[in-house]
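Take a look at it first, then read on.

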Amino acid sequence: MKLTSGGAASPLTHLADNGHLGLFYIGGQWVSPKGTAHADVVNPATEEIIARVPLGNSADVDAAVAAARRAFASWSRTQPGERAALLERLQQQLEAQSERIAQCLSLEMGAAISYARSAQVPLAIAHVKAAREILADFRFIERRGQTAIAREAIGVCALITPWNWPLYQITAKVAPALAAGCTVVLKPSELSPLSALLFAEAIEQAGFPDGVFNLVHGNGPDVGAALAAHPDVDMISITGSTRAGIAVAQAAAVTVKRVAQELGGKSPNVILPDADLARAVPPGVASSFRNLGQSCSAPTRMIVPRARLAEVEALAVKAAAEVVVGDPFVETATHGAIANRAQFDRIQTMIGAAIAEGAKLLAGGQGRPDGLKAGFFVKPTIFSDVRTDMRIAQDEVFGPVLCILPYDTVEEAVAIANDTVYGLGAHVQGSDMDLVRHVASQIRSGQVHLNYPAWDPHAPFGGYKQSGNGREYGLEGMLEYLEVKSVLGYYQEA
């Protein structure tokens, strides 16, 4: 497999040469872990072990939190312009290393190299740019009569990120936290941890003060739980499964720290009766298969007029046929491999469950695509005639599996859209914008996309119901990392 492009050095060779594969980044230094456990990093396309990373323990967490606590006093009092300048340098470092990072993402979580270059990396960098832009206009003190309303950094923040968008979720948390004046301890997923090492290098090269950013690898039961329960951690932000979010919230409750959770989803895509199906269906299929469906906000429930079901099915099958699953480093592949064995197995189980419950299989199915004998490759799969009480319509699959659910009235479509414990993302397609907006207003989710708009890094993102609480991205994302202090009499005359 080709590991380099355009003369760029392999990211694994780079990390190994620098000696960072077996180290944590704590207090501005690359340090050896205190624990002895390791995790194998597996290339999803080949099922080969490509690296080993150390797994931390509570002593590593204590060291990282202590470094962040020491740095907080001075970092929280820096001027916004100083923090913005460092974020700009971080952005420049990430841009300079974008090819190396893209290759790393393809290696560690199976993203097609074309998608890593066009989405995984640039969208991640956009979060750094957005945080810097917010700092330019944000007022940390506002006047309300004689009272000053001050917004101050909450403190040391523990950030837990997932394996499906490794760098993207790191920047979505780290950038606004640093912009707010917080110091952080990052625990990336042990399943796709290599891009986090490249990010830590970028932090170091950008010149952030020692201890402002700290990186500890580890699993949830050990490092994640220790961070959540740590008395010197003021806030914890997690992106992951609802199960993991509940565990973190329970551990954090003892110290009454702030908890922000971006969890699971089962997002609807409501196609209204007047929608142009040629414009509504193919992008809907593409959106549900984006990142091989490994996105918590993927619109994997396409809710369509029953009278137009046959048209929708034909368009959906045609769109699925355009997906090319294959070696992530082959430029013609539009989609690579599922990120890990456990997720690959879950997708196969869920497809089997849908067939057993009587869903109509239109495309794909169980097993690997033809010609692929190894690797965590899956067939892009579409089911129709799905009922909302089927497991495939309720449980998050986290793979390229689309459900088509028919409705008879718009009111029924809204009811189907809301018939889920989740409420993270949603889509609505139609020609009558008044109706489109009306339907959007009735969907219980934190973000709604109307007629496939452009992605907006300043649009807050987060969930209703069991999709979590708190918001990321944009202004609201930075507000999560700030406390509010009222200073009465601040503006009175002496």
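Among contacts in the chain with a separation of 6 or more, 73% are between residues 24 or more positions apart, a contact being heavy atoms within 4.5 Å. A heads-up: this is a predicted model, where local features need pLDDT of at least 70 and side-chain atom pairs count only at pLDDT 80 or more, while totals for chains, interfaces and linings use all residues. Residues are numbered from 1 along each chain as its sequence is written, and side-chain values use heavy atoms, with hydrogens and water left out.

## Overall build

The chain has 16 helices and 20 strands, counted as DSSP runs (H or I, at least four residues, for helices; E, at least two, for strands) and numbered from the N terminus. Its radius of gyration is 23 Å, close to the 23 Å from the globule rule for 494 residues, so the chain is as compact as a globular protein of that length. That radius is taken over C-alpha atoms, and the rule is 2.2 Å times the number of residues to the power 0.38.

## A record and a residue

UniProt, in an unreviewed entry, puts "domain: Aldehyde dehydrogenase" at residues 30-487; such annotations may be inferred rather than shown by experiment, and positions follow the numbering used here, with feature names shortened. That stretch is 42% helix and 20% strand.

Ala85 sits in helix H3 (residues 80-96) and is partly exposed, because its relative accessibility is 31%. Ala85 and Ala206 are 121 residues apart in sequence, yet 9.5 Å apart in space, C-alpha to C-alpha.

Methods: Buried < 20%, exposed > 50% of the residue type's maximum accessible area, 1.4 Å probe, protein only.
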